[in-house]
Amino acid sequence: MNCEQYMIRQISLFSENKPGRLAALAKACQEENVNILAFSIAEADGFGVIRVLVDKPDVAFSRLTALGFNVAFTHVIAVLMRDEPGGLFEIASKLSDAGINIDYSYAFSGKNKAILILRVDKVEEAIKLLLSHSFTLIATDSIQ
Amino acid sequence: MFWDEAIETIKPAELRILQEKRLRETITRCMKVGFYQEMFRREGINPSDIRTLDDLKKIPFTRKSDLREGYPFGFMAVPLQEVVRIHTTSGTTGKPTVVGYTKGDIENWSGLIARNLTMIGLTNQDVFQNMVNMGMFTGGLGFHYGSEKAGITTLPAGTGNTKRQIEMIHDFGVTAIHCTPSYGLHLAEAATEMKMDLSSLRIGIFGAEPWSEKTRNELQKKLGVEAFDSYGMSELYGPGVAFECPEHKGLHIWHDSYLVEIIDPVSGKTLGPGERGELVVTPLVKEAMPLLRYRTGDITMIMEDACPCGRGPKLARFTGRSDDMLVIRGINVFPSQIEHVLLAIPEVGNHYMVYVDRINHMDEMTIEVEVSRDNFHGELADLKKVQNKVIKSLRDVLELRTTVHLVEPGTLPRFEGKAKRVVDRRGAD
């Protein structure tokens with residue numbers, strides 16, 4: 001099975017924790033007509049990593065790099081989640097039963113669906129496992 | 001009070017004769033040191049050319065970097081059998097500067113400390129708690145030997161365990177303490193928290209880092225002591241080189257043992273009394289490690305006014321360094337040490353900034369360093385590891401806890417010519 005179609009390229013951006021950094025990132029995306037599908041900010045001691053899912057990752061990557069940002073691609077997976085009590089549990093418990101660790105995760109719930117974005121230690125195993133339990137994974141080409 | 005009244009109040013004409021005699025003896029000792037043999041040969045100086053104080057200017061300066069190149073024993077003028085003690089001081093690139101002492105040196109040095117302690121009014125009625133590092137640092141054993149020599153009841157307390165320090169002051173009726181000014185303030189606050197009475201204290205000696213008049217007021221008020229400034233450096237024996245007398249207007253330097261010059265640190269030109277510049281010292285009684293025109297890097301001036309106490313010309317309180325050495329909580333730090341640490345860590349760039357602040361009376365050093373563009377893989381945990389690695393490497397090399405901020409590549413200032421990477425904000429107090 002080709003797992004790669006489900007490996008979504010997330011843009012991870014190193015940022016100092018100071019005013020204006022998210023605005024600078026957002027401005028660059030706007031100017032390149034890049035749409036941000038989801039993002040989260042992880043914060044440590046005075047710095048952080050901004051994680052962004054966008055529709056045109058290569059465009060965003062080269063523009064942000066040109067602006068001097070420290071940027072890297074990270075593979076994440078996106079799972080369609082039931083937007084009701086127990087929806088997160090059934091995904092998290094499947095991964096946990098298989099001994100797959102979630103490094104970090106963020107989620108959003110829209111009008112008629114919720115999506116869970118996962119960064120796990122064993123990406124291919126996680127993809128196979130979730131597909132085998134009939135979860136719907138978002139394919140890269142459907143958004144990027 | 002005098003320890004040695006005759007020498008402490010010696011008349012200028014007599015002093016000059018003594019200094020010139022001791023200068024000639026020092027030249028003789030220096031001629032046993034390869035570095036000085038080579039210097040005299042290179043400069044075409046014959047040792048017998050140096051007879052008077054005016055001849056001194058024929059001799060080039062000696063710098064700390066020269067001492068470093070002599071590591072470990074290159075500057076010893078006596079065989080190691082005659083060296084009874086070795087101390088070291090932190091260096092710029094990991095190698096410390098080594099200083100050696102003969103039996104005579106230990107006698108001379110303790111004698112100078114005994115002069116200082118007697119000058120500020122300590123006697124065998126006093127109990128003295130010495131709260132600095134008692135190891136390779138000269139401040140510990142230097143004061144210990146001098147204090148014992150003066151007959152003072154001496155407690156080699158060393159550093160750390162503030163609670164125990166406070167208990168000793170209280171239980172033993174300690175009357176005098178020696179520590180860094182920042183530790184003095186820390187001690188006062190800890191005693192207040194413990195509700196311990198330190199009223200037996202009457203004298204505090206503070207050294208190893210510069211401190212302001214505001215800090216003096218605070219130390220005096222909070223500890224109930226009369227605060228005295230102490231100056232010295234390992235290359236000139238250690239502490240005891242210059243000391244405040246009860247007038248508290250400048251520091252007496254012992255002119256029979258140290259020949260003093262003040263120079264413009266850039267041109268090397270000699271400056272007169274009342275002109276601020278770098279202190280250059282030729283020690284006159286050092287046996288194991290004699291030095292000629294040693295550049296201390298410390299900024300002061302010779303004071304014009306005579307002191308009512310009857311001792312010789314004083315140095316003004318020190319106001320900084322002519323090089324980029326920092327003294328953080330009593331520990332010497334050179335920015336180049338920080339640079340070496342960062343160069344060895346590929347995950348960070350080699351641009352950096354150092355900020356020094358005084359927070360709750362303690363020196364705090366913050367280092368900003370750029371994350372290296374090529375070593376970023378997008379994970380927060382990796383960055384945290386890099387930050388901890390930098391903190392640990394700095395602690396191993398500097399023996400200091402620091403705060404490290406990771407910043408984005410390309411955001412720190414770039415310098416042309418001499419970099420100004422150090423911002424010392426302690427003067428603000």
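**Figure 1. Overall make-up of chain B in the predicted model.** Chain B holds eleven helices and 20 strands, where helices (H or I, at least four residues) and strands (E, at least two) are DSSP runs numbered from the N terminus. The model is predicted: local features need pLDDT of at least 70 and side-chain atom pairs count only at pLDDT 80 or more, while totals for chains, interfaces and linings use all residues. Residues are numbered from 1 along each chain as its sequence is written, and chains are lettered from A and ligands numbered from 1 in the order in which they are written. Of the 429 residues in chain B, 43% are buried; a residue is buried if 20 or more other C-beta atoms lie within 10 Å of its own, exposed if 12 or fewer, and partly exposed in between, with C-beta atoms placed from the backbone. Contacts in chain B between residues at least 6 apart in sequence join residues at least 24 apart in 66% of cases; two residues are in contact if their C-beta atoms, placed from the backbone, lie within 7 Å.

**Figure 2. The open eight-stranded sheet of chain B.** The strand order is E4-E3-E5-E6-E7-E8-E9-E14 in chain B, with mixed pairing. At the edges are strand E4 (153-155) and strand E14 (314-315) of chain B, each of which pairs on one side only. Two strands pair if DSSP finds at least two bridges between them. Strand E3 (residues 127-130) of chain B runs parallel to strand E5 (residues 176-179) of chain B, and three bridges link the two. Gln129(B) has Ile177(B) in E5(B) as its bridge partner. Strand E6 (residues 203-206) of chain B is also paired in the parallel sense, to E7(B), over four bridges. Here Phe206(B) is bridged to Asp229(B) in E7(B). Strand E7 (residues 226-233) of chain B is mostly covered, with six of its eight residues buried.

**Figure 3. Helix H6 against the sheet of chain B.** Helix H6 (residues 138-149) of chain B lies across E3, E4, E5 and strand E8 (238-244) of chain B. The angle between H6 and E8(B) is about 65°. Axes are lines fitted to C-alpha atoms, for helices over the stretch in contact, and angles run from 0 to 180 degrees between N-to-C directions.

**Figure 4. Packing of helices H8 and H9 in chain B.** Helix H8 (residues 181-194) and helix H9 (residues 213-223) of chain B pack at about 35°, and their axes are 9 Å apart. The crossing of H8(B) and H9(B) is left-handed; this term applies if the near helix is turned anticlockwise from the far one by less than a right angle, and right-handed applies if clockwise. From H8(B), Pro181(B), Gly184(B), Leu185(B) and Ala188(B) meet Thr215(B), Glu218(B), Leu219(B), Lys222(B) and Leu223(B) of H9(B). This contact of H8(B) with H9(B) comprises five nonpolar, two polar and two charged residues. Ala, Val, Leu, Ile, Met, Phe, Trp, Tyr, Cys and Pro count as nonpolar, Asp, Glu, Lys and Arg as charged, and the others, Gly among them, as polar.

**Figure 5. Crossing of helices H10 and H11 in chain B.** Helix H10 (residues 335-343) and helix H11 (residues 380-398) of chain B have axes that come within 10 Å and cross at roughly 135°. H10(B) is therefore oblique to H11(B); angles under 35 degrees count as roughly parallel, over 145 as roughly antiparallel, 65 to 115 as roughly perpendicular and the rest as oblique. The crossing of H10(B) and H11(B) is right-handed. Gln337(B), Ile338(B) and Val341(B) of H10(B) meet Ser393(B), Leu394(B), Val397(B) and Leu398(B) of H11(B).

**Figure 6. Backbone details in loops of chain B.** Tyr71(B) and Pro72(B) are joined by a cis peptide bond with omega of about -5°. Pro72(B) sits in the loop between helix H4 (64-69) and strand E1 (85-89) of chain B. Tyr237(B), in the loop between E7 and E8 of chain B, has a positive phi of about 95° although it is not a glycine. Tyr237(B) is buried, with 27 other C-beta atoms within 10 Å.
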